[in-house]
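The structure is shown first.

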Amino acid sequence: MTSMLICPICTSPLQQHQASQGFYCENKHHYDRHKEGYWPLLLVNKTKMQAISREKMRAKRFLLASGIYSPVVDKIAQVLLTLLVNKPELQHLDYQCGDGYYLRALMPNLSALNAQHWGIDDSENTLFAASKAGTAANLLLSGLKKLPIADNSVDVITILDSPLKGKECQRVLKDDGILVMLIPAERHLWQLKQQVYSDLVEKQQEINLPKNIQVIESHQIKFTQDVDGQQAITLLDMSTFGWRANDELRHGIKTQQNTHLEFEFNLVIAKKQG
């Protein structure tokens with residue numbers, strides 16, 4: 001497959017040196033593969049990387065490894081196979097891939113596709129964790145405001161449980177390319193939300209997308225799970241509202257068993273209109 005990568009310094013196409021596996025461009029900018037298994041495609045001294053605590057990363061990894069999100073992974077894989085099965089070859093980008101959980105979980109289920117899988121993130125320690133966990137995709141460390149990826153070069157972008165930021169995904173996605181977004185729905189972690197917000201009211205969720213990105217289908221993923229206190233705290237940290245919980249509330253959540261906790265996501269499938 002043709003490389004979709006471009007040099008972050010001069011935007012020339014990147015070629016790969018087969019022996020070293022490093023990337024280089026015609027202007028002699030080189031990007032060696034890090035010893036930990038990912039490629040830093042960075043503007044030197046100009047890209048500020050994010051850092052996530054090892055404690056939170058470890059807790060999230062243990063939680064996801066427990067299989068608690070298996071219904072989510074199964075549905076995503078089912079939808080992707082249905083949409084992409086007739087494509088001759090694919091470039092798949094997992095945007096903000098984190099520690100690679102979704103890539104590791106999805107790739108075996110997508111083995112029937114002739115796909116090249118890429119994960120990109122701006123957190124060096126999460127990519128280190130992704131590599132150590134055996135994530136078989138090509139892992140890229142890069143700032144997210146300007147991706148080292150050519151215009152209109154990606155067939156499918158997955159944005160799984162993280163927000164769509166800026167216009168870069170829109171830029172790199174091919175015309176008629178597929179955008180797959182996993183978005184927490186209103187009742188996701190509802191019982192935890194009720195403890196954080198004293199005046200919680202259920203509201204209709206709105207999804208705002210650029211004008212040339214059109215929703216073609218949407219699926220609801222809904223299930224309940226019993227979780228212990230530590231799992232509840234990890235889920236709280238993974239949520240968009242966890243920062244609102246003070247130490248007293250977090251202690252209370254951590255010391256209780258949470259039965260029939262609601263999980264609810266919208267799996268939104270959108271297409272870029274040329």
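## Helix packing

Angles under 35 degrees count as roughly parallel, those over 145 as roughly antiparallel, those from 65 to 115 as roughly perpendicular, and the rest as oblique. In this predicted model, helix H7 (residues 229-238) packs with helix H8 (residues 247-254) at an angle of about 135°, and their axes are 7 Å apart. H7 and H8 are therefore oblique to each other.

On the H7 side, the contact is made by Gly229, Gln230, Ala232, Ile233, Leu236 and Asp237, which meet Arg250, Ile253 and Lys254 of H8. Classified by residue type, this contact of H7 with H8 has four nonpolar, two polar and three charged residues.

## Nonpolar cores

The largest nonpolar core has 40 residues, of which Tyr69, Val72, Ile76, Tyr102, Leu182, Leu235 and Phe263 touch the most other members. Helix H2 (residues 70-84) gives the most to this core, namely seven residues.

Apart from neighbours within four places in sequence, Val72 contacts Tyr102, Leu182, Ile221, Phe223 and Phe265. A second, separate core comprises 29 residues, including Met4, Leu144, Ile157 and Cys169.

## Cysteines

A disulfide requires a pair of cysteine sulfur atoms within 2.5 Å, and the count of disulfides is zero. Cys25 is in no disulfide, the nearest cysteine sulfur being that of Cys10, 3.6 Å away. Cys25 counts as buried because its relative accessibility is 4%.

For Cys97, the closest cysteine sulfur is in Cys169, at 12 Å, which is too far for a bond. Cys97 is buried, with a relative accessible area of 7%.

Conventions: Residues are numbered from 1 along each chain as its sequence is written. This is a predicted model: local features need pLDDT of at least 70, side-chain atom pairs count only at pLDDT 80 or more; totals for chains, interfaces and linings use all residues. Side-chain values use heavy atoms; hydrogens and water are left out. A nonpolar core is a set of buried Ala, Val, Leu, Ile, Met, Phe, Trp, Tyr and Cys residues joined through side-chain atoms within 4.5 Å. Buried means under 20% relative accessible area, exposed over 50%, partly exposed in between (1.4 Å probe, protein chains only). Helices (H or I, at least four residues) and strands (E, at least two) are DSSP runs, numbered from the N terminus. Contact means heavy atoms within 4.5 Å. Axes are lines fitted to C-alpha atoms, for helices over the stretch in contact, and angles run from 0 to 180 degrees between N-to-C directions. Ala, Val, Leu, Ile, Met, Phe, Trp, Tyr, Cys and Pro count as nonpolar, Asp, Glu, Lys and Arg as charged, and the others, Gly among them, as polar.
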